[in-house]
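Please keep the structure in view while reading.

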Amino acid sequence: MSHYNGLSFVPERARPGYAVVADPANVELNRLQIQYRTKALGVTVGRQVINLDDQRWVGAVAWRQNEQTFDAARAELALGPVFADVTYAKSQRTLYGADAQGRTAYDGRFWFLGGGLRHGPFTVKGFAYLLDYDRAEQVPALALTLADTQTYCLRATAALPLAKGVKLALASSYARQRPWADNAAHFDADYVAGEANLSARGFTVTGGYEKLGSDHGIALQTPMATLHKFNGWADLFLTTPAAGLRDLYAGLAKSFPVKALPGLNAGVTWHDFHSDAGNRPLGREWDASAGFKWRKLGILAKFADYSARGFGSDTRKLWLEADYAF
């Protein structure tokens with residue numbers, strides 16, 4: 001099993017001629033928390049999983065072998081249609097684990113502040129993410145993705161029943177990212193996203209657009225996100241290119257009511273990538289997946305086919321995953 005690249009932060013597993021597999025062998029304590037919860041209030045203190053909204057800004061990266069967690073205190077409040085969610089974290093425990101030299105965890109002062117209103121099928125939320133890393137300036141190679149930033153966003157979602165068995169889900173976001181704390185750079189990058197999902201008779205059709213903007217040669221970054229979930233499964237854009245990224249995508253998924261294989265589903269998604277600055281083509285990608293459950297075992301297969309156009313190189317990836325629930 002030596003025919004893969006374990007990345008430079010695990011020197012003994014670096015294989016530059018092979019594809020990256022960012023899952024070092026490790027033993028990691030992912031969760032140690034105390035929680036108090038009522039219908040209106042939830043308080044969690046300790047090492048914990050935090051998934052906010054669609055995980056575009058903060059997520060657990062559950063796709064990898066090791067989850068991303070946070071040493072944090074979090075309070076969630078819901079009073080009728082009003083809700084608030086406030087987190088202060090002092091450490092970002094990355095998915096790379098104890099074997100990742102210098103990348104096990106990043107300390108700092110991180111605030112995730114959110115609040116909004118729910119009314120029927122509609123939700124409107126505003127939030128601010130303030131990231132102040134201790135170590136970014138000490139690790140030059142990581143300064144691009146781990147720079148101190150302040151991000152302010154407004155997000156709106158709706159789940160609309162159109163007819164019996166027919167649903168329309170809508171989501172839109174706008175954000176602005178600027179330097180924060182010790183970040184001496186000068187940029188003001190924006191983020192725009194919109195997605196629509198139409199579901200009927202087991203089919204789901206998806207169409208969307210996402211822009212991660214660039215300003216003065218510095219692109220908007222989301223270093224705490226579940227990055228694999230966005231911009232193609234080939235993982236070419238885990239770090240936003242300096243010129244920014246625009247992703248136009250469309251997909252089709254189908255669930256199958258097969259009693260012997262509960263949860264049987266398949267889907268395909270197409271991406272067309274361009275830079276934000278200059279609108280240069282950055283490639284196209286097809287992603288496909290199929291999965292099902294058999295007793296307590298979940299099986300998933302995923303395939304990504306990225307065709308380069310001025311960025312990276314042609315890339316194909318195939319994953320086979322088995323999960324056992326007990």
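Is Arg 284 buried, partly exposed or exposed? The model considered here is a predicted one, and in it Arg 284 has a relative accessible area of 40%. Because buried means under 20% and exposed means over 50%, Arg 284 counts as partly exposed.

The side chains of Asp 272 and Arg 284 form a salt bridge, with 3.3 Å from N to O. Asp 272 belongs to strand S14 and Arg 284 to strand S15, so the bridge links distant parts of the chain, 12 residues apart. Asp 272, at 11% relative accessibility, is buried, whereas Arg 284 is partly exposed.

Such pairing has a simple background. Side chains of opposite charge can pair when their charged atoms come close.

Asp 188 is partly exposed, with a relative accessibility of 26%. Arg 178 is also partly exposed, at 34%.

The other example is the salt bridge between Lys 211 and Asp 276, with 3.9 Å from N to O. Here the link spans 65 residues, from Lys 211 in strand S10 to Asp 276 in the loop between S14 and S15. Lys 211 is buried, at 12% relative accessibility, and Asp 276 is likewise buried, with a relative accessible area of 12%.

These two examples belong to a wider arrangement. Through shared partners, salt bridges join Arg 176, Arg 178, Asp 188, Asp 190, Lys 211, Arg 246 and Asp 276 into one network.

Rolling a probe the size of a water molecule over the atoms shows where empty space is left. The second largest pocket has a volume of about 1000 Å³. Its lining consists of 42 residues, and those nearest the centre of the pocket are Glu 195, Lys 229, Phe 230, Trp 233 and Tyr 249. Several strands give two or more residues to this lining, among them S8 (166-179), S10 (203-212) and S15 (281-294). Strand S14 gives the most, with six residues. Sorted by class, the lining of the second largest pocket comprises 16 nonpolar, 18 polar and eight charged residues.

How many cavities of 30 Å³ or more does a search of the whole structure find? The search finds one. The volume of the largest cavity is about 70 Å³. The residues that line the largest cavity include Trp 57, Phe 112, Tyr 129, Gln 177 and Met 224. Strand S6 (122-133) and strand S7 each supply at least two residues of this lining. By class, the lining of the largest cavity holds seven nonpolar and five polar residues, and no charged ones. The lining of the second largest pocket, by contrast, includes eight charged residues.

Conventions
Residues are numbered from 1 along each chain as its sequence is written. This is a predicted model: local features need pLDDT of at least 70, side-chain atom pairs count only at pLDDT 80 or more; totals for chains, interfaces and linings use all residues. Side-chain values use heavy atoms; hydrogens and water are left out. On a 1 Å grid over the protein atoms alone, a cavity is a set of points where a 1.4 Å probe fits but cannot get out, and a pocket is an open set with protein on both sides within 12 Å along at least five of seven lines; lining residues have an atom within 4 Å of a point. Grid points are joined across faces, edges and corners, and a volume is the space filled by probe spheres set on the points. Helices (H or I, at least four residues) and strands (E, at least two) are DSSP runs, numbered from the N terminus. Ala, Val, Leu, Ile, Met, Phe, Trp, Tyr, Cys and Pro count as nonpolar, Asp, Glu, Lys and Arg as charged, and the others, Gly among them, as polar. Buried means under 20% relative accessible area, exposed over 50%, partly exposed in between (1.4 Å probe, protein chains only). A salt bridge is a side-chain nitrogen of Lys or Arg within 4 Å of a carboxyl oxygen of Asp or Glu.
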